[in-house]
Amino acid sequence: MSTSTTPLRYPSYMHNDLISLIAALIPTPRLHFLASAYTPLADEKEESKVRKTTVFDVMRRLLQPKNLMVSTDRDKRINHCYISLLNIIQGEVDPSQVHKSLLRIRERKLCQFIPWGPASIQCFLSKKSPYLKTTHRVNGLMLANHTSISTLFQRTLRQFEKLMKRGAFIEQYKQQPLFRDNLDEFDSAREAVQQLIDEYNAATRSDYFSFSQQS
């Protein structure tokens, strides 16, 4: 969290407020659920075990699903991809190293972007705090808008349907004025989540704009 607010606490020509930081990550109002990744992640006892990191190592690891701080599934039926991506790299870093790392990532095709938008990784460089001593030279935070977040909503929807089928915890809601006559609010909420899943899945296709116009 502190890394993500570095551009706000130390203003620059790129990001001076939260809106400017996330505006480029959210192309449409509904597609606004961001996932984060951080590397290297270790406590004080294990910091000595972290091998020295380079800019490319950090940026490559940020793209690995195991470093993602959101539990999402990779649905093979849908070609999930990045909608937008921002890396915040902390440490004494030469901008030329970032440029070379981006070229290597593109050459190796380590990340795939949506077909209807720009395929680029945004990078922001920031210095480390002088009060926190770490053994690694560079660390990074990724804020990504990825279509695989829809699998998280699908999992939540399946759990919701199981609870509704069994009528679990329903009596507590029926005691409230909003649910006293019916449970239509639950149906509306389920429909809203399903529409969100459909839109994220549609974002993986080149005809996404026609889908958004229909919805």
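This is a predicted model: local features need pLDDT of at least 70, side-chain atom pairs count only at pLDDT 80 or more; totals for chains, interfaces and linings use all residues.

Reply: From H5 come Ile149, Ser150, Phe153, Gln154, Leu157, Phe160, Glu161 and Met164. From H7 come Phe186, Arg190, Val193, Gln194, Leu196, Ile197, Tyr200 and Asn201. By type, the residues of this contact split into ten nonpolar, four polar and two charged.

Now the geometry. H5 covers residues 149-166 and H7 covers residues 184-202. Their axes come within 9 Å. They cross at roughly 155°. An angle over 145 degrees counts as roughly antiparallel, and H5 and H7 are therefore roughly antiparallel to each other. The crossing of the two helices is left-handed.

Next, the sheet. It is open and built from four strands, in the order E1-E4-E2-E3. The pairing is mixed. Strands of a sheet pair through backbone hydrogen bonds, in either a parallel or an antiparallel sense. At the edges lie E1 (35-39) and E3 (122-126), each pairing on one side only. From one strand to the next, the twist averages 15°.

Strand E2 spans residues 82-91, and strand E4 spans residues 138-146. The two pair in the antiparallel sense, over nine bridges. Within this pairing, tyrosine 82 stands opposite histidine 146 in E4.

Conventions
Residues are numbered from 1 along each chain as its sequence is written. Side-chain values use heavy atoms; hydrogens and water are left out. Axes are lines fitted to C-alpha atoms, for helices over the stretch in contact, and angles run from 0 to 180 degrees between N-to-C directions. Angles under 35 degrees count as roughly parallel, over 145 as roughly antiparallel, 65 to 115 as roughly perpendicular and the rest as oblique. A crossing is left-handed if the near helix is turned anticlockwise from the far one by less than a right angle, and right-handed if clockwise. Contact means heavy atoms within 4.5 Å. Ala, Val, Leu, Ile, Met, Phe, Trp, Tyr, Cys and Pro count as nonpolar, Asp, Glu, Lys and Arg as charged, and the others, Gly among them, as polar. Two strands pair if DSSP finds at least two bridges between them.
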